[in-house]
Amino acid sequence: MVSTENISCVLAFFFDVFPFCRNTGDDDVSIKVLYCGICHSDLHTIKNEWRNAIYPVVAGYIHLLVTSSVTNQSHEIAGVVTEVGKNVARFKAGDNVGVGCMVNTCRSCESCEEGSENYCSRIVFTYNSVDRDGTVTYGGYSELVVVSERFVVRFPDGLPLDRGAPLLCAGVTVYAPMKQHGLSEPGKHVGVIGLGGLGHVAVKFAKAFGMKVTVISTSPEKRQEAVERLGADAFVVSTNASDMKSVMGTMHGIINTACASTSMHPYFALLKPKGKMILVGLPEKPLQVSAFALVGGGKTLAGSCMGSITDTQEMMDFAAKHGVAADVELVRADEVNTAMERLAKGDVRYRFVIDIGNTLKTD
Ligand SMILES: NC(=O)C1=CN([C@@H]2O[C@H](COP(=O)(O)OP(=O)(O)OC[C@H]3O[C@@H](n4cnc5c(N)ncnc54)[C@H](OP(=O)(O)O)[C@@H]3O)[C@@H](O)[C@H]2O)C=CC1
Ligand SMILES: O=C/C=C/c1ccc(O)c(O)c1
Ligand SMILES: [Zn+2]
Ligand SMILES: [Zn+2]
């Protein structure tokens, strides 16, 4: 198992040896990266918990000396356009833009045709993927990224790039299923499992939708802030039986953002009959679900993956209009190791964002 402890810092080497991005093509947007968020998926990948890492894995100044190629990280990229290809119509130099979890798809399958490109079987993730030209995608821990216009979104006025960057993954990943599954209707009650990067943004969107929201957490120390600052209507500790009993059978839906394996049975009991558990968290180990937990109340367990580009732009515009932005801790590019180790311990409130523009030195 690769751990963050055996990480050495090597960066300049990669900018010399590995050309992290292509020249600006006719349909491309070149972006000077200013901020990029650190998602728990980056850590899952670095630790190869999903068994799909393309080695070695580079996160900012971090390099795992495992084999001889390199993969960068981050898919919560915020920056400014420096150059556009001749076919690009929606962006121009100087625009504030963002890039999320995907940078290419097949563009012709049923999912792509219906605008659900996040479910394309040949999706190219922003990092740790092989693009259609055979190159490995490196993500946003770098000063420049070049991305097809189709996968770039506009930062609306009023949404700050540092606090908006995490929305490009964390935001759309909770916003899209809430809209898709009717968990965005005023007065409905939604639960959020896991008050982390995704979870805290889910609370903010739920309140912006006019919903009642209960945080279901393993961390009692997050209670006061969840209620008094994030606006949660209630906070229950999942290991506290009386806490859990107090909200049993009360939720229309639950957004499960847990990054580690959990016993699912107690969570299903919180749903009303016909309630929906939306799984977005991607723990290393498979979840165990008892049939009775679902059948008993005619409940639904659904997975959800990121969001489409249309979802992402809609979410960014909604966030700007309703004042939703992530609570972030800005870190320097050479502090990524520490950030990753703190993230592994849940020691972040609630998203690390790397201040690339001011601290990534490539000279
Ligand atoms: N489906 C998709 O498209 C996407 C999936 N993801 C995945 O979502 C997950 C969350 O990502 P992110 O928000 O960045 O991660 P964070 O680490 O920021 O937050 C995860 C939260 O999960 C909770 N948690 C940790 N361990 C457990 C446990 N054993 N049981 C229950 N809850 C637990 C903690 O909240 P608390 O302290 O309140 O318990 C923690 O803050 C990751 O697995 C990530 O890979 C991310 C983006 C997109
Ligand atoms: O942080 C975002 C990760 C999304 C994701 C979704 C599905 C999948 O198979 C992944 O490897 C990553
Ligand atoms: Zn992510
Ligand atoms: Zn496709």
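Reply: Asn 128 lies in strand β9 (residues 127-130), where helices (H or I, at least four residues) and strands (E, at least two) are DSSP runs numbered from the N terminus. The model is predicted, so local features need pLDDT of at least 70 and side-chain atom pairs count only at pLDDT 80 or more, whereas totals for chains, interfaces and linings use all residues. Residues are numbered from 1 along each chain as its sequence is written, chains are lettered from A and ligands numbered from 1 in the order in which they are written, and side-chain values use heavy atoms, with hydrogens and water left out.

The phi angle of Asn 128 is near 60°, a positive value in a residue other than glycine. Asn 128 has a relative accessible area of 10% and therefore counts as buried; buried means under 20% relative accessible area, exposed over 50% and partly exposed in between, with a 1.4 Å probe and protein chains only.

Met 306 likewise has a positive phi, of about 50°, although it is not a glycine. Its place is in the loop between β18 (300-303) and α11, and at 9% relative accessibility Met 306 is buried. A further backbone feature is the peptide bond from Arg 349 to Tyr 350, which is cis, with omega near -5°. Tyr 350 is placed in the loop between α12 (336-344) and β20 (351-354).

Several N or O atoms approach oxygen atoms of the ligand. A polar side-chain atom of Lys 222 lies 2.7 Å from an oxygen atom of ligand 1. For Leu 198, a backbone N or O atom is 2.8 Å from an oxygen atom of ligand 1, and for Cys 259 the corresponding backbone distance is 3.5 Å. Of the 930 Å² of accessible area that ligand 1 has on its own, the protein covers 90%, as calculated by the Shrake-Rupley method with a 1.4 Å probe.

Rings of Phe, Tyr and Trp (its six-membered ring) pair if their centres lie within 6.5 Å; planes under 30 degrees apart count as stacked, over 60 as edge-to-face and the rest as tilted. The count comes to six aromatic pairs. The rings of Tyr 175 and Phe 318 have centres 5.6 Å apart and planes at 55°, so this pair is tilted. It links distant parts of the chain, with Tyr 175 in helix α5 (residues 170-180) and Phe 318 in helix α11 (residues 309-322), 143 residues apart. Both Tyr 175 and Phe 318 are buried. Phe 205 and Phe 209 form a stacked pair, 6.4 Å centre to centre with 25° between the planes. Phe 205 is buried at a relative accessible area of 0%, and Phe 209 is buried at 8%. Tyr 175, Phe 205, Phe 209 and Phe 318 form one aromatic cluster.

Note on methods
A polar contact is a pair of N or O atoms within 3.5 Å; within protein, one must be able to donate a hydrogen and the other to accept it, and residues adjacent in sequence count only if both atoms are side-chain atoms.
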